Amino acid sequence: MMNTSTLIKIILGMSLAITQIATAAESEKTDSDRIAQYRDMISDGNPADFDEMNGAELWKTPAGPKHVTLEACDLGKGPGVVKGVYTELPRYFKDTDKVQDLESRLLTCMTTLQGIPEAEIVASPFSTEKKKSDISMLATYIVGQSKGMKMAVSVSHPKEKEAYEIGRRIFNYRAGPYDFACLTCHATSDVRIRMQDLPNLNKPKDAQAAYASWPAYRVSQGLTRTFQWRLNDCFRQQRFPEPKFASEVTVDLSMFLAVSANGAEYAGPGLKR
Amino acid sequence: MINMERRALLKTGGGIGLFALFSAVGLLKPGLAMADWNKSAFSAKNLDEALTAMGVNKPEVNDVFIQLTVPEIAENGAIVPVKVVSTYPNVERISILVEKNPNVLAANFIFPQGTEPMLTTRVKMGQTCSVIALVKADGKYYRSSKEVKVTAGGCGG
Amino acid sequence: MNAKWIIKFAIVLAISSLTITAQAGTDDAALDAKTTAIIKRDFHDRGIAKADRVNQDELQATCSKYIDNLPDPLKAKLEAAQTKTIKWPSDGKYMGDWKAGEKLAQSGRGMTWSDKPDEPAGGNCYNCHRLSSMEIAYGTIGPSLLNFGKLRGNSVEVQRYVDGRIYNAKALNARANMPRFGFMGILTEAQIKDLVALLLDPESPVNK
Amino acid sequence: MGNPMKIRAAVKEGVTEVKILMQHEMETGLRKDADGTLVPAWFITEVKAEHQGRTVMEAQFGQSISKNPYLLFRFKGGAEGEKIKISWVDTKGDTREDEVAIVV
């Protein structure tokens, strides 16, 4: 017959085993899991909401020398339509005979409709600590109107197809003192820079998750950042010179990335480290 | 309460102007707008100093009646989410402290009857260290702490 | 009309004529040429990052063209050319101070348009490599270098190998992602020595 | 006057959950701006939540609360359509007050 002390030993032994199993499970948790936990915990309460609110106000507030609103701006689905437009951008626009992304198109509307000089907007197109950018807040508002909708960027127009092809080439273009191209960091799966997992933008799943979460509020900067900013800062880190705001090089690269993300459910504005 | 009167005053335009003027000449410290905003606790430079300023003496460690949830790794120290749930009866106050921040005491939360003893907020962290939840229940103090690793994010440039 | 203006005009002309070609058929060469023309037009100087940084040298152009399919003979030719660029330390010494090396390895700064011209660049090592077991924020684009010296020793041959590898990583592998730190003037001779020490000194956290 | 907050109050099984996102720089007084000049301290010191005139939460903040402060809490009671009022005061004496109706 089992005496009490044996019984205690068995119970202790069992609980020790359970603890060991639990410890093993804990150690199997990777840093990526821990970062995922962090991201999940901060996902509620996105300060980008304030930029969306401000952008919505700017959209319907008369501005510029012509003192008109942007409500006649055609972002691809007709004047004033904002719902779902981001899922089809970049796209070809007949009036400018160009492929344009959201920010490039907003620039067109602000210059043509409102009469704001292009040089004025292009001189400081991104938000800073001291001053938030109107075009960034407008973009944040517009993308919010596509939340939950599927990305469906077309390459049916020859100029759209060409923009995609050129964008792909820009992605692979190595230059600068570091010999970097976009592909240096974004064409391999399951690698990270420092602690951040890098999306392999040649793989649909990664490309979708990455593209569909921009624009995003950057915790590290305390500002909401647009896709034009994302590309601008990638080129900075790539040790390239600065791409001109809303230039063809940025639009074509966006086209390549957007098409790679087709089918994704748009989830922006996001919230990132 | 002085607190409420001042608040009422602040809501009127004249009140704000007057207040701003007093602040500017240093006659009235902005902190005084809150009757019980404990300036010495909020300016404390280390944990002991903060606890002393709060009148807390060696709080009992309890990780069962205080559930403190923080991320193990924070991708950026500018936002570190903190969730505290306490199962003590009669929780009056929950404070959050960040061990190695220049200002250790991050916040006090005061719970009237009927408000559940839980909260979620976000703190800044200058470096890897412990986050401490300090709970006051039935006049006694209890604490629980967890380490958060703060990392250098991205390309670092 | 100044020279800069003429160049800009020529680029615009080239782009418009190329558009016609590209539309006529999806001619890869035409698209390549148009891509280059757009890149040369759409980047501008900012801070220390001048517009001419987009001009490719032979290695960059070849790697961009072939991406993952660089033919072996071409690869060997590029590597031979890169090997010739390596400048060995003038005093024949390879090892510097591992403590300075660790600081360099941690820094991700240098050569961007937001970096100041008089500030020395960082090594960016942890961005891509694991080096010390103490640092959890390390990248995995490059291989882990944990215990690098412990596994290989620190003979003069090993020191020379590491120095060359940092000076010009493309000498051993033209397709390497690693920048050519010495050849491109990113790091000084003394800084490279500090990194060699970080990898090989038995006291360095890499080998602890 | 401060910038508007985002508030959501939802009642479920007799408990109202309130989520607040405030717009505030929460300057520590220790940070330098791009030009290297010290940015003076400026942060929210007190937040108050009222339900139908009754205080349901009072919070005191220090410099270590993140920019754009976030707060979630729960209280017993609350019904659809009833009002939740949130107010804050900062170190400059600036204030903000916003009100929302409880949803289900």
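Colleague: Which strand of chain B does S1(B) join, and over how many bridges?
Modeller: S1(B), residues 60-61, joins S9(B), residues 140-150, over 2 bridges, and the two run parallel. Strands here are DSSP runs of E, at least two residues, and helices are runs of H or I, at least four, numbered from the N terminus. Two strands pair if DSSP finds at least two bridges between them. B:Val61 stands opposite B:Arg143.

Colleague: Before we go on, where do the numbers come from?
Modeller: This is a predicted model, so local features need pLDDT of at least 70 and side-chain atom pairs count only at pLDDT 80 or more, while totals for chains, interfaces and linings use all residues. Residues are numbered from 1 along each chain as its sequence is written, with chains lettered from A and ligands numbered from 1 in the order in which they are written.

Colleague: Back to S9(B). Is its pairing with S3(B) parallel or antiparallel?
Modeller: Parallel, over 2 bridges; S3(B) covers residues 73-74. B:Ile73 has B:Lys149 as its bridge partner in S9(B).

Colleague: And how many bridges with S8(B)?
Modeller: S8(B), residues 129-137, pairs with S9(B) over 9 bridges, antiparallel. B:Ser130 stands opposite B:Glu147.

Colleague: What do S8(B) and S9(B) form?
Modeller: A hairpin, with 2 residues between the strands. B:Asp138 in the turn has a positive phi of about 50 degrees.

Colleague: Switching to chain A. At what angle do H3(A) and H6(A) cross?
Modeller: Roughly 100 degrees, and their axes come within 7 Å. H3(A) is residues 48-59 and H6(A) is residues 134-144. Axes are lines fitted to C-alpha atoms, for helices over the stretch in contact, and angles run from 0 to 180 degrees between N-to-C directions. The two helices are therefore roughly perpendicular to each other; that label covers 65 to 115 degrees.

Colleague: Which residues make that contact?
Modeller: Among them are A:Asp51, A:Leu58 and A:Trp59 of H3(A), with A:Met137, A:Leu138 and A:Tyr141 of H6(A). Contact means C-beta atoms, placed from the backbone, within 7 Å. By class there are 7 nonpolar, 4 polar and 3 charged residues. Ala, Val, Leu, Ile, Met, Phe, Trp, Tyr, Cys and Pro count as nonpolar, Asp, Glu, Lys and Arg as charged, and the others, Gly among them, as polar.

Colleague: How many residues does the contact of chain C with chain A take?
Modeller: It takes 42 from chain C and 35 from chain A. On the chain C side, H2(C) gives the most, with 7 residues. That side divides into 21 nonpolar, 13 polar and 8 charged.

Colleague: Which strands pair there?
Modeller: S7(A), residues 242-243, pairs with S1(C) in the antiparallel sense over 2 bridges. A:Pro243 has C:Phe43 as its bridge partner.

Note on methods:
Angles under 35 degrees count as roughly parallel, over 145 as roughly antiparallel, 65 to 115 as roughly perpendicular and the rest as oblique. Two residues are in contact if their C-beta atoms, placed from the backbone, lie within 7 Å.
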